[in-house]
Amino acid sequence: MRIGSPHPAWAGAAPHVEDCRRPFLRESSYTVGFEEETILLDPATLLPVNEVDGALVRLEDDRFTCELRSAQLEVVTPACVTVWDACRELRAARGFAVDRLAGFARLLTAGVHPSSTLPIEVTDRERYRQIAADCPWSVREGIPSGLHVHVAIGGSERALAIYNAARSYLPELAALAGNSPFLGGHDTGVCSSRLKLNEAFPRAGIPPLFRTWEEYAAFVSWGTTGGLFADASYLWWDLRLHPVHGTLEFRIADAQTRVEETGAVAAVCQALVAALAARHDAGDELPVHDSHRIAENRWRAARDGLEGSLVDLESGVPVPARDRIGRLLASLEPFAERLGSRNQLFAAWTLLAENGAERQRRLAAELGLDGLVLRLADETELRALTSGRTPARPV
């Protein structure tokens, strides 16, 4: 089963603890795969267009599927041995979509569309109609678009320990991957308006700590029994244990406009999992922090991005975000080297110098919001230079 697809075993059934453990009972491979949410644009206006069904007919390819909002297309890669392989697959999928959708729709990949104020339409599927009815506030504004990175991990107790520890690093990933400073034609004052929009959903944000698989299974059973959610696919936290694919799914990152920046974020996720696994395998007890402490850093990451500070989760001492993330990247370099992702992790240093949110603000100052939207579409579609109505300098 490909990444991103639902699983019939989840449908309305309370899982047994062994069902939750089973996908992780394998050798660890650290394979990686992406789910990328991208926005469909009207070619003339460059505003979102509610044409996902028409797009899927033209694409006729299982690398593409729909999402909650009908102006949104999801691009799915297979599980790949290296981040480079996954980036190759993503680049090929984007190019294929551009060719097939020529004249029908353009693509824009970022955390949100910077200027649209159009009303939101929900994709005509039972699941999405139900979500919109249950969470009406979530479809009032914006088209939040994320990058989900799956990293395979083997050993059920090992996977749970790494999940619990990896939660603490979600704010660093959020700051690095912020790519949605504008919403509705205005600078929001935050670097990731997408993360704030996603808070309209229940079971969003920093995930809870689960000390045992029994505790995890009991929570899912409690929620399904009470009618709070249908199954484990409704756990929309920034990080989750995927009980079908046997992966850690990092859901914190804004969608990245450039494929190489998608690779940078993914390389950090993959190397982080490998680093935590190495410590666990050596007998170290991995540090685990309370969700409310991590959430405070998540808010600072969403608001200030790389320009602010993140607080040490133990001491409370604030550290400049760039310094804290730089130390993390340096510690992950040996693991990226072993995983064949050295170049992709190196790209994370470039992203640390200027992430998507900072680049969007710079481009908006140079080109205006219309020029920014055109540039984002051109870069999503792998075009070398912006052409057409708005002159632009290369980024």
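Mentor: Happy to. Let's begin with pairing: two strands pair if DSSP finds at least two bridges between them. Keep in mind that this is a predicted model.

Trainee: What makes β5 and β9 a pair?

Mentor: Strand β5 (residues 146-152) is joined to β9 by 6 bridges, and the definition asks for at least two. The two strands run antiparallel, and Val-149 stands opposite Phe-250 in β9.

Trainee: How do you know that β8 pairs with β9?

Mentor: By the count again: 4 bridges join strand β8 (residues 239-242) to β9, also in antiparallel fashion. Here Leu-239 has Phe-250 of β9 as its bridge partner. β8 and β9 form a hairpin with 4 residues between them, and Gly-246 in that turn has a positive phi of about 65°.

Trainee: Why is strand β9 called largely enclosed?

Mentor: A residue is buried when its relative accessible area is under 20%. In β9 (residues 247-254), 8 of the 8 residues are buried, so the rest of the structure largely encloses this strand. For the protein chain, 59% of the 395 residues count as buried.

Trainee: What makes the radius of gyration of the protein chain agree with a compact globule?

Mentor: The rule is 2.2 Å times the number of residues to the power 0.38. For 395 residues a compact globule would come out near 21 Å, and the protein chain has 20 Å, so the two agree. Along its principal axes, the C-alpha trace spans about 60 × 45 × 35 Å.

Note on methods: Residues are numbered from 1 along each chain as its sequence is written. This is a predicted model: local features need pLDDT of at least 70, side-chain atom pairs count only at pLDDT 80 or more; totals for chains, interfaces and linings use all residues. Side-chain values use heavy atoms; hydrogens and water are left out. Buried means under 20% relative accessible area, exposed over 50%, partly exposed in between (1.4 Å probe, protein chains only).
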